[in-house]
2 protein chains.
Amino acid sequence: MREFSRSLPMSLLRAREAVMRQFRPSLRYHGLTEQQWRILRALTSVEAIEVTDLARLAFLLGPSLSRILRDLEARGLIERRSAEADLRRAVVSISPKGLKLIEAVAPTSEAIYAAITKRYGARKLAELQAMLGALEESLASLSGAEGETVEVDE
Amino acid sequence: MREFSRSLPMSLLRAREAVMRQFRPSLRYHGLTEQQWRILRALTSVEAIEVTDLARLAFLLGPSLSRILRDLEARGLIERRSAEADLRRAVVSISPKGLKLIEAVAPTSEAIYAAITKRYGARKLAELQAMLGALEESLASLSGAEGETVEVDE
DNA sequence: CCGATACACTTAACATGTTAATCATTCCAG
DNA sequence: CTGGAATGATTAACATGTTAAGTGTATCGG
């Protein structure tokens, strides 16, 4: 069997961890987890957004998002209201306090990202991202929701 | 600021999720989580191994590993004893029952891996893994353990 | 209208990620 | 030897990942 430490999932896991290890100390310093930061960052790119759409944007599952939004709201970093036309839907937006926090973290975050880019090479980084996107694309159809069966006959 | 959904951490996260989504149903069918599978797989590559080394091999933090080993031992999938020369160290190995489980899961797992490789292309996959390894390598020195400071002057 | 169904969350329950603290054992300077 | 530092592992505490179940609202056919 393939040496599992060289498998694709492990490669991806290690690479991501190597990257996130750079950011975590700064986020931690500002009292944010990686996921909370993702949500706030996502909220800066829109005026307001429904919870379901935010989940897709920040790549979080509903239950995780639900908990985190509760906490971020309690900390006054986001605001939430329900949609007028459909009371099932909740609309979330970042608060002034949340924006201020983003602005405090962003410079360090950008510097780290720049350092990574410089180390690895901007061109190489772009190529890597393209290949990762292609991988995602490749597997989009192989939905993979079967218990034991594997269907591979394309 | 960079569109965060196109950031490197997000690309890595999405790519890994796309891959793991393929494996999870099969693992779940066999009553294993991704991490439990990693541990059992790692144990098949050695006769016996100390907990600390296993953590590095399976890329898990100590506390997570500690909990999972407790559960795997309770299920009879692994065996544990303490090192003779140093009672602080614990030595772990896979049990016959654990091996049997591995053998039950492996065919499906291999088939899925083969399907992914075929879809994405074996050459491209190797190249991707090389680039991921290089990324890890790049960031190995940038240890990143400072609160707010960023030192980038290489 | 009404009841069944679908939808958008939210909660629940359990496993893991993450950092700090604890515990037992070993090592080592004096 | 011995007491303090170092080491290996576990436990604690809290946040998130993941699947299933629950809650309130909307929709739609009859």
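Q: Is B:Ala55 buried or exposed, and what are the cut-offs?
A: Buried means under 20% relative accessible area, exposed over 50%, and partly exposed in between (1.4 Å probe, protein chains only). B:Ala55 has a relative accessible area of 13%, so this residue counts as buried. The model is predicted: local features need pLDDT of at least 70, side-chain atom pairs count only at pLDDT 80 or more, and totals for chains, interfaces and linings use all residues. Residues are numbered from 1 along each chain as its sequence is written, chains are lettered from A and ligands numbered from 1 in the order in which they are written, and side-chain values use heavy atoms, without hydrogens and water.

Q: Which residues is B:Ala55 in contact with, leaving aside neighbours within four places in sequence?
A: Contact means heavy atoms within 4.5 Å. On that basis B:Ala55 touches B:Leu60 and B:Leu65, once neighbours within four places in sequence are left aside.

Q: What does the side chain of A:Arg38 reach?
A: A polar contact is a pair of N or O atoms within 3.5 Å; within protein, one must be able to donate a hydrogen and the other to accept it, and residues adjacent in sequence count only if both atoms are side-chain atoms. The A:Arg38 side chain reaches the backbone oxygen of A:Phe59 at 3.3 Å. A:Arg38 is itself buried, with a relative accessible area of 7%.
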